[in-house]
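The sequence and the structure come first, and the notes follow.

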Amino acid sequence: MQMKVPEDLIKKALWFACSASSQTYERTAKSKEDPFFHLWRIFTGKLGELYFAYFLKEHIPEFNLEEYETNALSIFWGKVNVDSYDLKIKNYLIDIKTLPFKTHRYLIIPADQYINQPKDLYVCVRLVHDLKPDDIQNLFQINCVELYQLLTEKKFPVFDININIEICGYIEHSSKMWKYVKKDNICHEKECFRIDVKQLKSIDLFLRLFKTENGLL
């Protein structure tokens, strides 16, 4: 099921990408070579993370969205200073992974992250849009004044982007469904662990983990 991403979340993710890009580690060779690709990776990752948090708030009212957003939109100086997880609920560490294009079909975790920085649960969301390379470049051709107006004015005429999103599901770190791959045409830079999104568990099961009679613990 696809849902439209609210414009407010797109604005926040765009601001974060522009503000945090210089302090975000370029994990891939393409990110190091192409600043627009680097910005796009940060933007899409934060957009998926923000959307899922808003989704949680709709289904679990006790979820503290304000506290989450304050942390999620904080910028840490230095490329090695990063959050160790996206969400923590009931002592579960949760990572939100965003597939930036509708053709992408694998949830992928770099092997070094999977082994050295494991999370209890991995949630996968996928963006659905018709943005072309020129559209993506135009998205980040924004100056400080325009970024200020984008965040302070209800309507900003040069801002026009439509993105839908689908929540593909989730999987435990301990699941035997993960496939280890040294290198191939999908994990072409580094070894990885991955799973086809069709094999993920329903997000309804994820929600049941955190719903209790007394609210969110």
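The model is predicted, so local features are described only at pLDDT of at least 70 and side-chain atom pairs only at pLDDT 80 or more, while totals for chains, interfaces and linings use all residues. Residues are numbered from 1 along each chain as its sequence is written, and side-chain values use heavy atoms, with hydrogens and water left out.

**Overall make-up**

- The protein has 8 helices and 8 strands; these are DSSP runs numbered from the N terminus, with helices (H or I) of at least four residues and strands (E) of at least two.
- Of its 217 residues, 46% count as buried. Buried means under 20% relative accessible area, exposed means over 50%, and partly exposed lies in between (1.4 Å probe, protein chains only).
- Among contacts (heavy atoms within 4.5 Å) between residues at least 6 apart in sequence, 76% join residues at least 24 apart.

**Nonpolar cores**

- A nonpolar core is a set of buried Ala, Val, Leu, Ile, Met, Phe, Trp, Tyr and Cys residues joined through side-chain atoms within 4.5 Å.
- The largest such core has 48 residues, and Phe43, Phe52 and Phe206 have the most contacts inside it. Helix H3 gives the largest share of this core, 11 residues.
- A second, separate core holds 14 residues, including Tyr114, Cys124, Cys168 and Val197.
- Setting aside neighbours within four places in sequence, Phe43 is in contact with Ile10, Ala13, Leu14, Ala17, Leu139, Phe140 and Ile163.
- In soluble globular proteins, nonpolar side chains tend to be buried together.

**Helix H8**

- Helix H8 spans residues 203–210, and its buried residues are Ile203, Phe206, Leu207 and Phe210. These residues cover an arc of only 95 degrees around the axis, which puts them on the same side of H8; the arc is taken from the directions from the helix axis to the C-beta atoms.
- An α-helix has 3.6 residues a turn, so residues three or four places apart point the same way.
- The cover over the buried residues of H8 includes helix H3 (35–59) and strands S2 (87–89), S3 (92–99), S5 (121–128) and S6 (164–172).
- Ser202 caps the N-terminal end of H8, with a side-chain oxygen 3.1 Å from the backbone nitrogen of Asp204.

**Helix H4**

- In helix H4 (residues 65–72), the buried residues are Leu65, Tyr68, Glu69 and Ala72. Seen down the axis of H4, they fall within an arc of 95 degrees, so they line one face of the helix.
- The exposed residues Glu66 and Thr70 sit on the face of H4 turned away from its buried side.
- Helix H1 (7–20), H3 and S2 are what the buried residues of H4 pack against.
- Asn64 caps the N-terminal end of H4, where a side-chain oxygen lies 3.4 Å from the backbone nitrogen of Glu66.

**The sheet S4-S8-S7**

- Three strands form an open sheet in the order S4-S8-S7, with antiparallel pairing; two strands pair if DSSP finds at least two bridges between them.
- The edge strands, S4 (106–110) and S7 (179–181), each pair on one side only.
- S4 and S8 run antiparallel and are joined by 5 bridges, and Ile108 stands opposite Arg194 in S8.
- S7 pairs with S8 (residues 192–196) in the antiparallel sense over 3 bridges, and Arg194 in S8 is the bridge partner of Lys179.
- Cys192, Arg194 and Asp196 point one way from S8, Phe193 and Ile195 point the other way, and all are buried.
- In a regular strand the side chains alternate between the two faces of the sheet.

**Two single residues**

- Lys46 lies in helix H3 and, at 8% relative accessibility, counts as buried. Not counting residues up to four places away in sequence, Lys46 touches Ala13, Phe16, Ala72 and Leu73.
- Phe101 is found in the loop between S3 and S4 and is partly exposed, with a relative accessible area of 28%.
- Leaving aside neighbours within four places in sequence, Phe101 is in contact with Trp40, Arg126, Leu127, His129 and Ile136.
- Phe101 and Val128 are 27 residues apart in sequence and 6.1 Å apart in space, C-alpha to C-alpha.

Terms used
A polar contact is a pair of N or O atoms within 3.5 Å; within protein, one must be able to donate a hydrogen and the other to accept it, and residues adjacent in sequence count only if both atoms are side-chain atoms.
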